[in-house]
Amino acid sequence: MSQNVSRGRSVGIGSLSRKLGVALGYLVRGDVRGLRERLANARRAHRNRDPITHYQSFPEARGSSNSLEKLKALRLPPLAGKSFLDVGCNEGFFCGFAKFQGAARVVGIDNNPKSIAAAQARFPDCEFLARSWDELPEGEFDVILLASALHYASDQPALIKRLIDHLSPTGTLVLELGIAPGAGDAWVKVTRAIDEREFPTRAKIESLLAEYAWKKIGASVPQAGDPIPREVIHVLKRVPIAYLLMQPSGHGKTTISNSLFREAKVPSVSGDYLLCLAANGTIRAPAGIEAILAKDFSSGRIDVSVREIFNRRIAEEYVDLLLRNAGDGDFAFDGFIPREHQPEIISILVRKGYLPVRLEWDRIADGPSPAVHVETAAARYRDHLASRRMRPTVATTK
Ligand SMILES: C[S@@+](CC[C@H](N)C(=O)[O-])C[C@H]1O[C@@H](n2cnc3c(N)ncnc32)[C@H](O)[C@@H]1O
């Protein structure tokens with residue numbers, strides 16, 4: 001936080017003319033020594049300002065950080081009705097914004113009691129706690145913000161992990177941090193105007209966040225006195241992916257599934273195969289599914305059994321059968337689901353903590369007709385034949 005920069009920024013037109021007036025007063029009185037002393041005192045006072053306590057900027061009190069520009073750079077997710085935690089919240093600028101946006105619960109923590117007192121005075125309808133981030137508040141949060149603060153942590157990877165552990169299943173950690181130059185996976189010691197801190201290189205951030213889903217959002221505002229450019233990154237918990245190949249028979253689902261997912265070591269479960277195994281008693285299925293299979297099952301018309309699962313409204317049992325056989329992580333499901341029932345399968349998977357990815361493609365040739373259609377067509381044809389009452393032809397021999 002270079003004093004030149006912050007002082008230059010804090011001088012508005014009104015305060016400038018006031019200062020000129022005071023200086024002129026000294027000059028008119030011929031008190032050059034007095035003027036010099038006054039300027040030295042002002043410089044000392046400014047130097048002694050606590051750069052952390054006077055960090056955020058409000059219209060009536062400008063600190064060393066351009067908080068409004070930082071807010072824009074953060075690109076916070078929608079906050080209405082959400083829970084929001086700001087870790088290292090300083091004077092509560094971002095907590096105030098979250099409340100302003102309609103967040104249901106807003107908590108700010110900071111280990112500087114002066115900052116917390118100021119935050120509570122400014123935003124009485126937010127909850128502020130004067131404590132270290134080693135002791136996070138109870139509960140899960142939809143959005144957690146850690147801005148310009150990671151470099152103060154004694155164990156930076158542990159802090160990131162702790163914050164992600166406090167996210168709701170679909171929550172976002174908004175990280176605003178300095179990225180040090182350098183190609184290696186390293187922490188780089190950086191000398192700043194106020195202290196010396198360690199910042200991660202890009203490769204270090206990539207390795208720290210490898211097990212999460214994350215996205216670089218963009219550059220943040222520069223911080224005077226700090227040579228390290230800042231970035232904003234959004235981090236989410238990585239949920240297992242369910243790749244869904246649900247098109248009718250003959251689309252090449254199994255071929256595509258084998259070629260794509262076997263190579264990537266993603267287990268692939270075949271709905272047809274599981275239903276066959278459950279029908280012949282090799283595996284157990286939930287009770288409703290076993291009842292359907294016991295009544296009427298043929299490996300040549302599995303689509304009829306699948307439709308019956310939806311007629312009886314036991315889609316959740318079918319998803320349970322798949323998940324029992326899919327392992328704990330990503331998996332691919334290869335099995336026909338009637339188009340009108342696909343949203344049901346997707347919402348059950350979301351509820352169970354998966355990210356469903358529906359894969360669709362166009363067939364280039366006709367596939368087998370659905371078993372139900374064949375049954376109808378065959379019955380009609382039988383009736384047609386019967387109605388013509390054709391006499392059997394008799395072969396004649398010469
Ligand atoms: C550079 S300021 C950033 C403030 C705010 N996040 C922002 O971007 O405007 C860093 C903040 O982290 C706080 N802080 C530092 N160490 C902390 C700790 N161990 N626990 C909680 N807060 C801490 C400081 O008091 C300070 O308010």
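A: Happy to! Let's begin with strand β4, residues 141-147, which is mostly covered: 7 of its 7 residues are buried. Buried here means that 20 or more other C-beta atoms, placed from the backbone, lie within 10 Å of the residue's own. Strands are DSSP runs of E with at least two residues, helices are H or I runs with at least four, and both are numbered from the N terminus.

Q: Before we go on, what kind of model is this, and which pLDDT do local features need?
A: It is a predicted model: local features need pLDDT of at least 70, side-chain atom pairs count only at pLDDT 80 or more, and totals for chains, interfaces and linings use all residues. Residues are numbered from 1 along each chain as its sequence is written.

Q: Good. Which strands pair with β4?
A: Strand β1 (residues 83-87) pairs with β4 in the parallel sense over 3 bridges, and 6 bridges join β4 to strand β5 (residues 167-178), also parallel. Pairing needs at least two DSSP bridges between the strands. For landmarks, F84 has V143 in β4 as its bridge partner, while F141 stands opposite L167 in β5.

Q: Switching topic: what is the strand order in the open sheet of 4 strands?
A: The order is β11-β12-β10-β13, with parallel pairing. β11 (268-270) and β13 (355-359) are the edge strands, each pairing on one side only. Neighbouring strands are turned by 20 degrees against each other on average, direction ignored.

Q: Which helix packs on that sheet?
A: Helix α14 (residues 342-351) does, touching β10 (241-245) and β13, and its direction makes about 150 degrees with that of β13. Contact means C-beta atoms, placed from the backbone, within 7 Å; axes are lines fitted to C-alpha atoms, for helices over the stretch in contact, with angles from 0 to 180 degrees between N-to-C directions.

Q: Last one: which residues come nearest to the ligand?
A: G88, N90, N111, N112 and A147, of the 19 residues around the ligand. Near means a C-beta atom, placed from the backbone, within 6 Å.

Technical notes: Two residues are in contact if their C-beta atoms, placed from the backbone, lie within 7 Å. A residue is buried if 20 or more other C-beta atoms lie within 10 Å of its own, exposed if 12 or fewer, and partly exposed in between; C-beta atoms are placed from the backbone.
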